[in-house]
Structures are given as structure tokens and as C-alpha cells.
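Colleague: I'm new to this one. Can you walk me through it?
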Amino acid sequence: TGASYAVLMESSTGAVLYSKNSHERAYPAAMTAVVTSMLAAEMCDLDDMVVFSREAVYDVPSGTVNIAIDVGESLSVNECLQAILIRGAAECGYALAEHVGGGSREAFVSMMNSRAAESGCRDTSFSNPVGLHSEDHYTTAYDMALLGRDFFDNELLCKYSLMKTL
């Protein structure tokens, strides 16, 4: 494969069928959405309403994918999950993090790191819910395969991740 890092893992057993630099640290970038959406789906009712704070809307760096929502508007958790998994909408990741974290992104990031540890990850550290580059935001291909196993156990998240448009 032309990839720098790779793991092919059998989902039901966790057996590694192929590995290339699978324990070397890399930046997860958009793969962060796997954990953000998984946590939100596990901890919220899909009909819960998520209100978009000023920070959720305006902390999105220029050039980052967004759905152009305004401060004070709200979407359901279900709609936020779709926006994250289909469009990569960063403001939805921030808003869900604030919603699940009781208003605190830091609390949500702590939950992300705990969830990764529960999945067996040993070389993963999240510092934000949307995958922005940071020295403290890293994972390995092996750890992402572990998290992917959990993600793909959720039929709804799988369905959304396979959709091409909202």
C-alpha cells in the first residue's frame, strides 16, 4: 500500500491481518470525528437539541468545512451527527462537544481520551473534538482500528458514514 500507516484488522476477533507502521504516532485529523460522533451517539438521545454557541460557530478555522449555521440556532444530535459524518462540519463537532461535555469542550476531550482507553488505545491523545492539528492530538493506525471496530458496531453511524450527501 502507498499509505504511510495502515492496519487491516478483522472486526470480530481483532486479529491483525496486515500492518504497516501501525504503532507510529500520526495526527488523526478528520478521523477525530469517529470518536466525537461515537461518544455523542452513546451519550445522547438522537432527538436532543444542540444549541450552537458563539464559540462553536466562530472557533472554526478559516478553510475548515462548516454548514454555515448561526449562533443560537439549534440542530438535533441526529442532524449534528449527519453533518459531521457526511460533511465533516467542524462547528457541529464543537457544538456536540459542548452539549455532551456540559458546556465544556475540555470535559468532552477528557471523555474522548477515556473512551479511547476503554477501547484499548495506548498511543492516542485527543486535545480537541474536531481534529485540529496539535502536538497533543495524535493516534496510531492500530488505535484507530480499535476505535473503528467500536464505531462500526453502531448501525446508524455506519449508515451516515456511507452517505454522500445530507
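This is a predicted model: local features need pLDDT of at least 70, side-chain atom pairs count only at pLDDT 80 or more; totals for chains, interfaces and linings use all residues.

Colleague: OK, how many helices and strands does the chain have?
Modeller: The chain has 7 helices and 4 strands, counted as DSSP runs numbered from the N terminus (helices H or I, at least four residues; strands E, at least two).

Colleague: And what pattern along the sequence?
Modeller: The chain runs β-β-α-β-α-β-α-α-α-α-α.

Colleague: Switching topic, which residues of α1 and α6 meet?
Modeller: From α1 you get Val34, Val35, Ser37 and Met38, meeting Met144, Leu147, Asp150 and Phe151 of α6; contact means heavy atoms within 4.5 Å.

Colleague: What kinds of residues are in that contact?
Modeller: In the contact of α1 with α6, 6 are nonpolar, 1 is polar and 1 is charged. Nonpolar covers Ala, Val, Leu, Ile, Met, Phe, Trp, Tyr, Cys and Pro, charged covers Asp, Glu, Lys and Arg, and the others, Gly among them, are polar.

Colleague: How far does the C-alpha trace span?
Modeller: Along its principal axes, the C-alpha trace of the chain spans about 45 × 35 × 30 Å.

Terms used:
Residues are numbered from 1 along each chain as its sequence is written. Side-chain values use heavy atoms; hydrogens and water are left out.
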